[in-house]
Amino acid sequence: MNNTNEMIVEFKSVAMNESFARMVVAAFIASTNPTLEEVSDVKTAVSEAVTNSIIHGYDSQDGRISILSRVEGRQVYIEIRDEGCGIPDVKKAMEPMYTTRPKEDRSGMGFSFMEAFMDRLEVESTVGLGTVVKMWKEIGVVKHHFE
Amino acid sequence: MDYQYKNGVFIYYLPKELDHYYADKLKRKSEATFASEQINYLIFDFSNTRFMDSSGIGLITGRFRRIHDKGGQTFVVNVTPAIDKLLKLSGIYTIIKKKDTKEDIIKEMVKGGYYE
């Protein structure tokens with residue numbers, strides 16, 4: 001039996017699409033039978049990555065964001081890609097509370113939340129070419145994030 | 001109603017989904033009142049909120065900073081477990097207080113010398 005599934009969705013980089021992005025991923029991974037908490041974790045992680053692409057990648061200008069998601073049994077893989085300005089120092093960007101835009105009330109917690117709510121996170125970025133965020137999560141595994 | 005100001009108390013009734021889009025919208029709408037009034041107590045009411053990401057943390061800390069310098073206090077109320085998890089993780093409870101009900105906030109305000 002082949003129980004893998006895959007979807008790709010592409011949309012314009014506007015803030016309104018942040019909710020669309022997390023809803024579509026949440027709907028897609030429903031076959032893994034996640035708990036409400038797991039759905040919420042995934043939605044938050046997707047929202048963070050897409051928001052980063054819109055605000056930082058494209059500086060709120062026109063662009064395209066694509067999401068590829070793959071489900072294999074209860075393994076979830078999500079890839080969020082933009083062709084924006086890229087991140088010069090990924091390590092620095094991933095530090096908790098680090099933000100290039102403190103005046104705009106950005107918390108600097110985006111990557112921290114992705115890391116906390118998913119099992120694994122990888123960020124590939126090239127200045128001038130764009131950023132790819134890759135995230136993995138196994139559904140049905142009890143995991144204590146913090147405390 | 002998205003927000004309300006009365007007698008030194010500013011309450012945000014947060015949207016169903018508190019992300020970058022809705023946080024910015026709320027900030028734009030409330031900016032004139034927020035900037036012009038003396039705010040002694042700032043309350044974020046999560047009654048209707050079912051989703052939040054780090055943009056919500058940015059909204060709260062940004063507002064907190066602006067009133068804290070002038071001696072204001074910040075509270076969150078009616079927080080669901082999912083949102084509580086994010087608030088905890090962000091470390092925000094070191095600067096703001098969580099209360100179960102509005103009555104609990106009023107009690108704390110009265111202790112601090114507030115009267116209607």
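Chain B contains four helices and seven strands. The model is predicted. Read from the N terminus, the order of elements in chain B is β-β-β-α-β-β-α-β-α-β-α. The radius of gyration of chain B is 13 Å, close to the 13 Å given by the globule rule for 116 residues, so chain B is as compact as a globular protein of that length. Along the principal axes, the C-alpha atoms of chain B fill a box of roughly 35 × 30 × 25 Å. Buried residues make up 34% of the 116 in chain B. Of the contacts in chain B between residues at least 6 apart in sequence, 77% join residues at least 24 apart.

Helix H2 of chain B covers residues 54–68. At 1.5 Å a residue, its 15 residues should span 21 Å, and the end C-alpha atoms are 21 Å apart, which agrees. The buried residues of H2(B) include B:Ile57, B:Leu59, B:Ile60 and B:Arg63.

Between the chains, 18 residues of chain B are in contact with 21 residues of chain A. Helices H1 (20–36), H2 and H3 (81–90) of chain B each supply at least two residues to the side that touches chain A. H2(B) gives the most, with seven residues. By class, this side of chain B divides into seven nonpolar, seven polar and four charged residues.

In chain A, strands S4 (residues 120–126) and S5 (residues 130–138) pair in the antiparallel sense over seven bridges. A:Ser125 stands opposite A:Thr131 of S5(A). The hairpin of S4(A) and S5(A) has three residues between the strands. There, A:Gly128 takes a positive phi near 90°.

Notes
Residues numbered from 1 in each chain as written. Chains lettered and ligands numbered in written order. Predicted model: local features only at pLDDT ≥ 70, side-chain atom pairs only at ≥ 80, totals over all residues. Expected span 1.5 Å × (residues − 1). Buried ≥ 20, exposed ≤ 12 C-beta atoms within 10 Å, placed from the backbone. Pairing = 2+ DSSP bridges. Contact = placed C-beta atoms within 7 Å. Nonpolar A, V, L, I, M, F, W, Y, C, P; charged D, E, K, R; others polar. Rg over C-alpha atoms; globule rule 2.2 N^0.38 Å.
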